[in-house]
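Please read them with the structure open.

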Amino acid sequence: MADPTTPGAGPTVDNPFFAALWSRMSTREPETVRALRRENLAGLSGRVLEVGAGTGTNFAHYPATVTEVVAVEPEARLADQAKGAAAVVPVRVTVSTDTVEAFAASAPGRFDAVVCSLVLCSVDDPDVVLRQLFSLLRPGGELRYLEHVASEGARGRLQRLADATVWPRLLGNCHAHRNTERSIADAGFAVLRARHEWVLPTWLPMPVSETAIGRAVRPA
């Protein structure tokens, strides 16, 4: 049973160009990305916080062992679509239009798991956000992540060039060359499982082709 209408009380994001672009992209994701989304959510249970829910692409993939998903999406146009997606899935999902920083400051209780899917590239300060997410997890709780990561060599140089020019402005503050895995470890998480996957062909000169998928925990 879905409850998609939780309002946000904190600041929101107004990015009409990115919202329109992502709305189209999220319905045309390659199977490589869809498969990684499913893998990233497999085996979750209890109360889950999803950060940067977008249009609600993940919602249909949550297992029945999840009792509640609280989904944070500060872009109002995307949040409206996420609420529509929440209304038609069996798992109970509520959508907040707070930024993750504002939500973390007043979150009601702790969570059994936090899910980050292609979002830590776009927050203003991933180190701060990850420390906040760490504090929102119960001891032993999981962080599941599927994130763009910094590449090496020529692609890394392309990422740095993209980040310094138009990429973040066009794509919702996305930064391709972030060492997200180091930030996860520095926030206090213990990484139990992680690997890198290419979601686009390696020959394609795109700065966000390399992703990391992993499972980390807040130590008990």
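1. Basis. This is a predicted model, in which local features need pLDDT of at least 70 and side-chain atom pairs count only at pLDDT 80 or more, while totals for chains, interfaces and linings use all residues. Residues are numbered from 1 along each chain as its sequence is written, and side-chain values use heavy atoms, with hydrogens and water left out.

2. Largest pocket. Its volume is about 1,000 Å³. A pocket here is an open set of points on a 1 Å grid over the protein atoms alone, with protein on both sides within 12 Å along at least five of seven lines; lining residues have an atom within 4 Å of a point. Grid points are joined across faces, edges and corners, and a volume is the space filled by probe spheres set on the points. The lining of the largest pocket counts 46 residues, and those nearest the centre are Phe18, Leu118, Cys121, Ser122 and Leu171. Two or more lining residues come from each of α1 (16-25), α2 (31-41), β1 (46-51), α4 (100-106) and β5 (137-148). Helices (H or I, at least four residues) and strands (E, at least two) are DSSP runs, numbered from the N terminus.

3. Ala, Val, Leu, Ile, Met, Phe, Trp, Tyr, Cys and Pro count as nonpolar, Asp, Glu, Lys and Arg as charged, and the others, Gly among them, as polar.

4. Leucine 118. This residue sits in the loop between β4 and α5 (126-136). Leucine 118 counts as buried because its relative accessibility is 18%; buried means under 20% relative accessible area, exposed over 50%, and partly exposed in between (1.4 Å probe, protein chains only). Its phi is near 55°, a positive value in a residue other than glycine.

5. Asparagine 173. Here too phi is positive in a residue other than glycine, near 70°. Asparagine 173 belongs to the loop between α7 and α8 (180-186) and is partly exposed, at a relative accessible area of 24%.

6. Cavity. One cavity of 30 Å³ or more is present; a cavity is a set of grid points where a 1.4 Å probe fits but cannot get out. The largest cavity holds about 50 Å³ of space. Its lining consists of Glu39, Asn40, Arg144, Arg193, Arg195, Ile213, Gly214 and Arg215. By class, that is one nonpolar, two polar and five charged residues. At least two lining residues come from each of α2, β6 (190-198) and β7 (210-217), and β7 gives the largest share, three residues.

7. Surface patch. Which residues form a nonpolar patch on the surface? They are Phe17, Val166 and Leu170, with about 280 Å² of accessible area together. Patches are made of residues with over 30% relative accessible area and no salt bridge, like charges being joined within 9 Å and nonpolar side chains (Val, Leu, Ile, Met, Phe, Trp, Tyr) within 5 Å. Accessible areas come from the Shrake-Rupley method with a 1.4 Å probe; for residues, only the protein chains shown count as cover. Leucine 170 is in helix α7 (residues 167-170) and is partly exposed, at 42% relative accessible area.

8. Salt bridges. There are twelve salt bridges, each defined as a side-chain nitrogen of Lys or Arg within 4 Å of a carboxyl oxygen of Asp or Glu. Glutamate 68 is buried, at 17% relative accessibility, whereas arginine 92 is partly exposed, at 34%.

9. Strand pair and network. Arginine 138 forms a salt bridge with aspartate 112, the closest N and O atoms being 2.7 Å apart. Arginine 138 is in strand β5 and aspartate 112 in strand β4 (residues 111-117), so their bridge ties together parts 26 residues apart in sequence. Salt bridges that share partners also join Asp14, Glu75 and Arg77 into one network. Within it, arginine 77 and glutamate 75 meet at 2.8 Å, N to O; glutamate 75 is buried, at 3% relative accessibility.
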